[in-house]
Amino acid sequence: YEGERTKYNTARDRCVNAGKDLCMFEYTNVSPVNDWWKKGYSWTNKDCEIMVKVNSEGYIAVVHDADNSYKNQIDRYGIPAEVDEYETLNWFKVHWDGDFPGSSPANSCAANKCKAHSDGSCVCKTSVSESAVFDSIVNVDKEQVMGQLFIGAMGPEATSVSNRGTGFTAHVVNGLIDTSTVFEVEDKGRTFFLKNIVSEVHLNGWEAVPTILEAEDAVVLQNATIKDSAELSASNGFYIDFDATDEAYVTWDVSVSYTGDYSMSLRYALDTYTRQMEVYVNDEEIKWTSPNANPIIDLDYISSNPQGADGFEPMSRCQGDCDIDDHCAAGLFCFQVNKGGSAFPGCNGASSADFCVDPNDVDNMLFLPTGGPNDDWRLTEGKIV
């Protein structure tokens, strides 16, 4: 129903039952009036991690690593700026156990395996650990409780046993003073319930610090040109312009410290259309399989310009000719043919026209536009083979 909020698994199951991956925000249709403000937030397949950004004074801002759709921009209908890695100004003071990342050249962002920003700030992954502050109430008084416990509790558990201390009551479960214990304190006419917990945030960094390869870092360009984007939004001011041919490609040299599995994402600043790409690592093509592939059906060529006809409805899977993704039904994209004839994922037949296909049927890398030089393109969910 309109405005319904669900858990991730519920949203995932509904989409799988419909033969789809998780629904993309911009393809969500609300009937009868498809207004953006009715859609709220949507689950994605990308991990949503809570990270921290540390500035040069040791202040931090909590930021999220999450998708930004090109129709889901910062401070419009998507991720609020205060939790966006590149936009946040929501700084606050914390107590550090030692020096903080970026506090000195010896304790740099890289030394902590954190990402370095051009303003000198560091972005780090986080993990949280919790432990008991007190393991006994002997020689503990009210001042110690109020000075060392800062996390509130709703109240003691029904099965707890009350133990009187010096100026407080400890509500104990199973006879142990541990993280389940709740301390009750009267102070300035108010009753406080405090968890016997200290919560510590640890900065973990990445196993391999992320490396960003810009257009101008390319070592080989085939039917492609590096161009100045002074009027566009490409990072560092340059972008790669591919010729209209399937034989265009670009190569970067990437150095890694050891053999293993690495994550890769591509960024694309023009947010024009969904793009499927052939990706090679050490001359070996990376293929992609989806758990939700559709049965093969025949191509259905309607006309060269069906969207120009009266009463046009977005085309179904394997129908064409399309020009843009909006010519296709929700969840589909327009598979563009650059030259000659082409086969179409999930479809039987070949054509030089363009047809609507389901992302789940594409075995090459498929990237959905996210709209900015600082946004990673979202991969369809599946498994690399």
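**Exercises on aromatic pairs and a surface patch**

In this predicted model, ring pairs join Tyr301, Phe333, Phe335, Phe344 and Phe355 into a cluster.

**Exercise 1.** Classify the geometry of the pair Phe333 and Phe335, and state whether each residue is buried or exposed.

*Solution.* The ring centres of Phe333 and Phe335 lie 6.4 Å apart. Rings pair if their centres lie within 6.5 Å, so these two rings form a pair. Their planes stand at 45°, and the pair is therefore tilted. Phe333 has a relative accessible area of 2% and is buried. Phe335, with a relative accessible area of 7%, is buried.

**Exercise 2.** Determine how many aromatic pairs the whole structure holds, and describe the one formed by Trp96 and Phe100.

*Solution.* The cut-off for a buried residue is under 20% relative accessible area. Phe100, at 15% relative accessibility, is therefore buried. Trp96 has a relative accessible area of 30% and is partly exposed.

**Exercise 3.** Locate Tyr262, assign its exposure class, and name the surface patch to which it belongs.

*Solution.* Tyr262 sits in the loop between strand E13 (249-251) and strand E14 (275-277). Its relative accessibility is 37%, so Tyr262 counts as partly exposed. Together with Leu213, Val254 and Val256, Tyr262 forms a nonpolar patch on the surface. The accessible area of these residues together is about 350 Å².

Conventions:
Residues are numbered from 1 along each chain as its sequence is written. This is a predicted model: local features need pLDDT of at least 70, side-chain atom pairs count only at pLDDT 80 or more; totals for chains, interfaces and linings use all residues. Side-chain values use heavy atoms; hydrogens and water are left out. Patches are made of residues with over 30% relative accessible area and no salt bridge: like charges are joined within 9 Å, nonpolar side chains (Val, Leu, Ile, Met, Phe, Trp, Tyr) within 5 Å. Accessible areas come from the Shrake-Rupley method with a 1.4 Å probe; for residues, only the protein chains shown count as cover. A salt bridge is a side-chain nitrogen of Lys or Arg within 4 Å of a carboxyl oxygen of Asp or Glu. Helices (H or I, at least four residues) and strands (E, at least two) are DSSP runs, numbered from the N terminus. Buried means under 20% relative accessible area, exposed over 50%, partly exposed in between (1.4 Å probe, protein chains only). Rings of Phe, Tyr and Trp (its six-membered ring) pair if their centres lie within 6.5 Å; planes under 30 degrees apart count as stacked, over 60 as edge-to-face and the rest as tilted.
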